[in-house]
Amino acid sequence: MRRPEDAFPDLYRRLTSDGYRSEDVGKAVETTNRIVMLERLRRYVLQCTDCRFHQTCHYRVPGVGNSSSRFMIVGEGPGEDEDAWGQPLVGISGTLLSLILEKLGIAREQLYITNVMKCRVVDDAGRNKTPTSEETHPCRKFLHREFAHIRPYVVLALGKVAMQHFFPEQRSISAVRGKALAYEGAFVIPTWHPSYILRQTGADLQRAKREAWGDFQQAFQLYHQLRQKEENRGETR
C-alpha cells in the first residue's frame with residue numbers, strides 16, 4: 001500500500017505542472033497532509049495497547065474538531081462519560097466547556113479538542129483518578145503529534161496534567177494560571193479544568209468562574225491577534 005507521505009510530492013508536481021501557483025498548491029497539499037496524518041493518528045489511538053489502561057476502558061478517545069484550526073484545547077483525559085461515548089470533553093465538564101465557548105460566540109467545532117490521556121485512567125476500584133507522570137508517558141507521543149500537525153498559535157491547557165505535558169517543571173497551576181507561556185512557536189495558557197470549577201462552592205466557585213472566564217477571553221484575544229498578524233504576512237492557512 002502506498003504511504004501518504006510518498007504521495008504528497010507527486011501531488012505537488014502534478015498540480016504545479018498543470019499551471020497552478022506553487023504557493024497555492026503548497027497550502028492545498030499541506031491541508032491534505034494534515035488531514036491524512038491526523039486520521040492515521042486517530043486510527044493508531046483507537047488500536048493502541050501501549051499502556052495498561054486500554055484493558056479497562058470502553059473506548060479510546062482521540063482528538064476531534066477542526067484540523068485547520070490553530071487553536072487547541074487540551075484536557076487531562078476521558079472521564080466516565082467520555083469513556084462511554086468515545087469523545088473528549090462531553091460529560092458535565094465538557095458541557096461547561098461548551099457553555100463558556102458559546103458565551104464567547106465560539107462553536108466547539110471551530111477548534112481542535114483533545115486530551116493528554118486517550119484512555120480513561122482509573123484506580124483499582126474503577127474510579128477516576130489523576131494520572132501520574134509515569135502513567136501519562138505512553139500517551140504523550142499522541143499529543144506531541146497532534147501539536148505538530150495542528151501547529152497552533154494558542155493552546156488552552158485545562159488543569160495541571162495538561163499544563164505539565166508542556167511544562168513538566170511547573171508543579172502548581174496556580175503559579176502560572178492565565179499566563180501566556182511560550183512553547184515551540186505557540187503560546188500555552190494554563191487555566192482551571194472545568195471539573196475543578198464544578199467542585200467549588202460559594203466564594204471559591206465565583207473566583208474560579210471569574211478566573212477561567214478571564215483566561216478564555218485572553219486566550220482567544222491572543223489567538224485573533226496572532227492570526228491577524230499571519231494574515232497580514234499572507235501566511236495563514
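Mentor: Let us begin with the aromatic cluster formed by Phe71, Tyr153, Phe220 and Tyr223. The model is a predicted one, in which local features need pLDDT of at least 70 and side-chain atom pairs count only at pLDDT 80 or more, while totals for chains, interfaces and linings use all residues. Residues are numbered from 1 along each chain as its sequence is written, and side-chain values use heavy atoms, with hydrogens and water left out.

Trainee: How is a pair of aromatic rings described?

Mentor: One gives the distance of the centres and the angle of the planes. Rings of Phe, Tyr and Trp (its six-membered ring) pair if their centres lie within 6.5 Å; planes under 30 degrees apart count as stacked, over 60 as edge-to-face and the rest as tilted. The count here is 9 aromatic pairs. One of them is stacked: phenylalanine 71 and phenylalanine 220, at 4.1 Å centre to centre with 0° between the planes. This pair links distant parts of the chain, since phenylalanine 71 lies in strand E2 and phenylalanine 220 in helix H8 (residues 202-233), 149 residues apart. Helices (H or I, at least four residues) and strands (E, at least two) are DSSP runs, numbered from the N terminus.

Trainee: Are phenylalanine 71 and phenylalanine 220 buried or exposed?

Mentor: Both phenylalanine 71 and phenylalanine 220 are buried. The term means under 20% relative accessible area, with exposed over 50% and partly exposed in between (1.4 Å probe, protein chains only).

Trainee: Why is the pair of tyrosine 153 and tyrosine 223 tilted?

Mentor: The planes of tyrosine 153 and tyrosine 223 stand at 50°, with the ring centres 6.0 Å apart, so the pair is tilted. Tyrosine 153 is buried at 7% relative accessible area, and tyrosine 223 is buried at 11%.

Trainee: Which charged residue sits over the ring of tyrosine 153?

Mentor: A charge sits over a ring if NZ of Lys or CZ of Arg is within 6 Å of the ring centre and within 35 degrees of the ring normal. The charged end of arginine 70 lies 4.2 Å from the centre of the tyrosine 153 ring. Likewise, lysine 141 is placed over the face of phenylalanine 142, 4.6 Å from the ring centre.

Trainee: Where do the side chains of strand E4 point?

Mentor: In a regular strand the side chains alternate between the two faces of the sheet. In E4, Val154, Leu156 and Leu158 point one way, Val155 and Ala157 point the other way, and all are buried.

Trainee: Which strands pair with E4?

Mentor: Two strands pair if DSSP finds at least two bridges between them. E2 and E4 run parallel and are joined by 4 bridges, with methionine 72 partnered by valine 155 of E4. E4 also pairs with E6 in the parallel sense over 5 bridges, where leucine 156 stands opposite isoleucine 189 in E6.

Trainee: How many disulfides are there?

Mentor: A disulfide is a covalent bond between the sulfur atoms of two cysteines. With the criterion of cysteine sulfur atoms within 2.5 Å, the count is 0 disulfides. The sulfur of cysteine 57 has its closest cysteine sulfur in cysteine 119, at 3.6 Å, which is too far for a bond. For cysteine 139, the closest cysteine sulfur is in cysteine 51, and 5.5 Å is likewise too far for a bond.
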